[in-house]
Amino acid sequence: MALLEVRDLTVVFQRKGEEPFRAVDGVSFDVEPGQTVGLVGESGCGKSVTSLAIMGLLPKRGAKITGTVSYDGTDLLKLSDKEMRDRRGRDLGMVFQDPLSSLNPVVPIGLQVTEVLERHRGMPRKEAMIEAKNLLDKVGIPDPNRRLKEYPHQLSGGMRQRALIAIALACRPKLLIADEPTTALDVTIQAQILSLMKELVQDLGTALVMITHDLGVVAGLCDEVNVLYGGKVVEKAMRHKLFAEPRHPYTHGLLSSIPRLDAAPGEKLTPIKGSVADNIPWSEGCAFAPRCPNALDICVQVTPAEEDQLGRLLRCHNPVVPGTPAAEEVPV
Amino acid sequence: MSETLVSVQDMKVHFPIKRGVFFDKTVGYVYAVDGVDLEIKRGETYGLVGESGCGKSTLGRAMLRLNEPTAGKMVFDGHDFSTLKGEELRKMRRRIQMVFQDPLSSLDPRQSVESILVEGLRAHDLDEGKESTSKRLRELLSAVGLPTTALRKYPHEFSGGQRQRIGIARALALNPDLIVADEPVSALDVSVQAQVVNLLEELQEQFGLTYLVIAHDLAVVKHISDRVGVMYLGGLVEEATSEDLYAEPLHPYTRALLSAIPVPDPVVEDRRERILLAGDLPSPANPPNGCRFHTRCPWRQQTRCDTERPALRELKPGHKVACHWAEQIQSGEIQPHEVKPILIEEDDGISPDVPLVGPASVTEALNP
């Protein structure tokens, strides 16, 4: 049994007088200790909502969560608020995208790190301070003793993100969820943070769920990749397999629409037509059909089922034949 | 093709840091752009890359004089743009247009697309009667790939990619020679980015435009540009054609930057070597002496690096670099070594050599 097993996770947002919105629609994945699983997709594909649902951070009212999230055998969705609070920060750590808005601006960094240690590991303040210093040291913050007394605004973006990672790691969680941890950072700082996270997974055997829109980050970091579109996983495979032979037209389209640093000069980009807003609901067919170059009549009539094809899960009626170049650009 | 359209000479933009409540005392400067020379030829795309805070946007804005440069000049098509005033400046600005990063906040939410596009035409007396204007608007929209029904809609009714198209149409409306695009695709989803990049390329072919593209994403810049300038802390450190820059980066910073960009291919990612830079970008209010990069440079030498600021010099035809040791680094004579990150003050930018004078607060001013 895997450390984290997410089965059929569905999140429906309901608002009075509005159609219910299925933000996440039957997502399933497993994470083993020491493994990194990526959730990739564009804005609105449900990747962040998935992570919030796992952590129990969605509001009780208005969001209907179904399915199971079993962590080490217990279903996190069935726990009470109090039980969940005991686990969050201890067993489950989370790193958010924007470190400035997820740190408390009026509390020094040191207190924010020791808070977790005191709450979950029952350390006295003094001991916790020493541990906090070691943690900051471990995530590569220079002069940690001084930094402990400083406030978030006195740190640079990269240092803030490191402090956030230090907080998430304070209790050595078995599972770490990172929601776009490097999106707000510059590339050279991004490289530092990614190599830090890689090291942590290797040294501590933490299971990591990496949520990002950047396929480059995924290619270097994740073992298994889930590509999400409109709240469903459309393709799931190990990273080498996925990048070498993308089968879903969306994955294929994404890969051929990003400029690559090592591309030959003069190579044209092939964008996906339309925008994320052009979805149709999954109940009426394939959500990607209006933008898909491979769309058939069946695509707007029957919802494609998830099929297992030799270690690759695929949800498509008409997958891309391996080796085909990207579809010709269609005028929008 | 080889005619120079824009030439920037020793451009400097320093922002004063003010202190005090009653008395605006200048206690230091942020050296956002500190001596940049560059030339853009007619019909080419010049890409300007660097991390946040390196001054690339400020440079772009200073060229249009949206920020007044502290020193230096810009010559645009033979006219000295930096000394123009009032009406002349306004007229000249027709020929240089800008596309901004965030399409929603750079379009007036209470103006319809038609009114957004017509506003520029009116301001420059290009509105010649209803018929010709409406023909022009239709041309513009079809050039950027929007339906004519868009004219009566408002910015919030469009998706991010379509909004950026409106921003581009607005820039095109005045038939400019140069378009300065500041992070034109970074606010867009990846699948839509390619649409806008391709659109910019098509428009360039169609209308013979010259672009200055400012972006932090080196992969996008490499794709779209003919020549690329890399900025670090207010100065250009390297300039080359985009192929040369990628094939043979000469400046240590460019090398690190290129190696830090993830490539969406696990085979490449597993193989390639990363040059991890230690620490953060130093504050532009208190830049390091000598070479700006020496505090983080893995190839730093004992001499010259911390005392003498390297000038941009041409190492090979068309390939300029600002590094004292570029040749030795390239030949492998100098090997990289470990760098300890130094503490960067997320500071208030007060340089230590300016004495603090005058009251610092109201209480101080009232009870001297």
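Modeller: A word on conventions: residues count from 1 along each chain as its sequence is written, and chains are lettered from A, ligands numbered from 1, in the order in which they are written. In this predicted model local features need pLDDT of at least 70, side-chain atom pairs count only at pLDDT 80 or more, and totals for chains, interfaces and linings use all residues, while side-chain values use heavy atoms, with hydrogens and water left out.

Biologist: Thanks! How many helices and strands does chain B have?

Modeller: Helices (H or I, at least four residues) and strands (E, at least two) are DSSP runs, numbered from the N terminus. Counted that way, chain B comes to 12 helices and 12 strands.

Biologist: And what is the radius of gyration of chain B?

Modeller: The radius is taken over C-alpha atoms, and the globule rule is 2.2 Å times the number of residues to the power 0.38. For 368 residues that rule gives 21 Å, and the value for chain B is close to this, so chain B is as compact as a globular protein of that length. The radius of gyration of chain B is 23 Å.

Biologist: What share of the residues of chain A is buried?

Modeller: Buried means under 20% relative accessible area, exposed over 50%, and partly exposed in between (1.4 Å probe, protein chains only). Chain A has 332 residues. The buried share of them is 55%.

Biologist: Which residues of helix α3 of chain B are buried?

Modeller: Helix α3 of chain B covers residues 113-123. What covers its buried residues includes α4 (129-144) and α5 (160-172) of chain B. An α-helix has 3.6 residues a turn, so residues three or four places apart point the same way. The buried ones are B:V113, B:I116, B:L117, B:V118 and B:L121.

Biologist: Which residue with a positive phi follows α3 of chain B?

Modeller: The phi in question is near 55°. The residue is B:D125.

Biologist: How many disulfides are there over all chains?

Modeller: A disulfide is a pair of cysteine sulfur atoms within 2.5 Å. By this rule the count over all chains is zero.

Biologist: Which cysteine sulfur is nearest to that of A:C316?

Modeller: A:C316 is buried, with a relative accessible area of 12%. It is in no disulfide, as the nearest cysteine sulfur is 6.0 Å away. That sulfur belongs to A:C292.

Biologist: How far is the sulfur of B:C54 from the closest cysteine sulfur?

Modeller: B:C54 counts as buried, at 1% relative accessibility. The closest cysteine sulfur is in B:C291, too far for a bond. The distance is 14 Å.

Biologist: Is B:E39 buried or partly exposed?

Modeller: B:E39 is found in strand β2 (residues 25-41) of chain B. Its contacts (heavy atoms within 4.5 Å) beyond four places in sequence include B:T4, B:Y46 and B:R227. With a relative accessible area of 38%, B:E39 is partly exposed.

Biologist: Which residues does A:S70 contact, leaving aside neighbours within four places in sequence?

Modeller: A:S70 is found in strand β4 (residues 63-71) of chain A. A:S70 is buried, with a relative accessible area of 15%. The residues in contact with A:S70 are A:L3, A:L4, A:E5 and A:D75.
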